[in-house]
Amino acid sequence: MSNPERFDHYMERVLYGPEGFYTSGRGIAGRGSGSDGGDFITSPEVGALFGRVIVNALDSWWDELGQPSVFRIIDAGTGPGTLLTSLAYAAKNNEVRCASVWELIGVDRASGIGLPDDMSNSVVIANELLDNLVFRIIEHQADGWAEVLVDNGSEHLVAAESTSDSELSSAIALAADVDVGQRVPILSAAATWVNDVIARGAERLLVFDYGMATTTGLVERGGWLRTYRDHNRGDDPLLAPGEWDITTDLAVDQLPTPTRLTTQAEWLTQWGIEALVEEGREYWRAHASAPDVTAMRMRSRIGEAEALTDPVGLGGWLALEYHRAA
């Protein structure tokens, strides 16, 4: 091997290096493909309903905090800013009580905008962000564990020594029951990011992402390593470096323990998606004979809700809440 690098270092370079998938502007969420749109659709791109449900939670959390005069809503990994646009639209339509004091902040590493140092009175929303943070890969072998290294477009396996590597030893302990031949992601960057947000004083961290509760369950299900481009999913993260997104399903047991863990569908139901859909139906019935822009938007809620709560799609994504300790 001439210049081998760990998989997370490779991923860092091809996603966030000078010609990386994100820093080059190639990687973006959206409905279209290529230069006319995006590479993947996340919940905010489905429509305005996702942000409108989040508004219900934000108002409730603002009340719980005593209605502070400064209330920051931080969209981490904001990309084109679709979620913040939805929140602002809801405020424009007088659907948000806390909008009178809120500050909407988009944070995105690709554009060089980082998290604020002081995050008191803040709610951080990370929608499909953690899956994009770099990760290592190890493989269970008959005589122990090996780590995946990348060298000149090819992968190599080297013995994984965990005695002085806490990230490695923790992942191996969680994957003790994984069959020989199976591979496991090490999500230490995601765990560090969550801890960092909590340490900066955020009142709430809300994470939506794909994954499973345990590392063992994730590996048993398979398919946790994902690549995307132009709305197509690939299977080789070494193919055309910098031209494809690289992500992983999350294993919650590798992250700090959330205050609450549900599916996205359950979370959206808790915060009133069904009532909002019914409101949309009623408005459409009243205006169907001469529909205005609002009527079309209200009718759209029905299809959006179906996509957002689909148990084999976005509805099956995980929703993790972290609350600041009292």
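Strand 11, at residues 225-229, is joined to strand 12 by three bridges, and the two run antiparallel. Within this pairing, Arg-229 has Asn-232 of strand 12 as its bridge partner. The model under discussion is a predicted one.

Strand 1 (residues 5-6) pairs with strand 6 in the antiparallel sense over two bridges, with Glu-5 placed as the bridge partner of Val-150. Strand 5 (residues 136-141) also pairs with strand 6 in the antiparallel sense, here over four bridges. In strand 6, Gly-144 stands opposite Gln-141, and strands 5 and 6 form a hairpin with two residues between them. Strand 7 (residues 154-159) is joined to strand 6 by six bridges and runs antiparallel to it; the bridge partner of Glu-147 in strand 7 is Val-158. Strand 6 and strand 7 likewise form a hairpin with two residues between them, and Asn-152 in the turn has a positive phi of about 55 degrees.

Strand 16, at residues 318-323, has five of its six residues buried, so that it too is largely enclosed by the rest of the structure. Six bridges connect strand 16 to strand 9 (residues 204-209) in an antiparallel arrangement, while four bridges connect strand 16 to strand 15 (residues 260-263), again antiparallel. Leu-318 takes part in both pairings: it is the bridge partner of Asp-209, and Thr-263 stands opposite it.

With ring centres required to lie within 6.5 Å, the count comes to ten aromatic pairs. In one of them, the ring centres of Tyr-16 and Tyr-22 are 5.8 Å apart and the planes meet at 15 degrees, so the pair is stacked. Tyr-16 and Tyr-22 are both buried. In another, the ring centres of Phe-135 and Trp-224 are 6.3 Å apart with the planes at 75 degrees, and the pair is therefore edge-to-face. Because Phe-135 lies in the loop between strand 4 (122-127) and strand 5, and Trp-224 in the loop between helix 7 (215-221) and strand 11, this pair ties together parts that are 89 residues apart in sequence. Phe-135 and Trp-224 are also both buried. Elsewhere, ring pairs link Phe-50, Trp-61, Phe-208, Trp-267 and Trp-271 into a cluster.

Arg-109 lies over the face of Tyr-16, at 4.5 Å from the ring centre, and Arg-299 lies over the face of Trp-284, at 4.4 Å from the ring centre.

Technical notes
Residues numbered from 1 in each chain as written. Predicted model: local features only at pLDDT ≥ 70, side-chain atom pairs only at ≥ 80, totals over all residues. Heavy atoms only, no water. Buried < 20%, exposed > 50% of the residue type's maximum accessible area, 1.4 Å probe, protein only. Pairing = 2+ DSSP bridges. Phe/Tyr/Trp six-rings, centres within 6.5 Å; stacked < 30°, edge-to-face > 60°. Lys NZ or Arg CZ within 6 Å of the ring centre and 35° of its normal.
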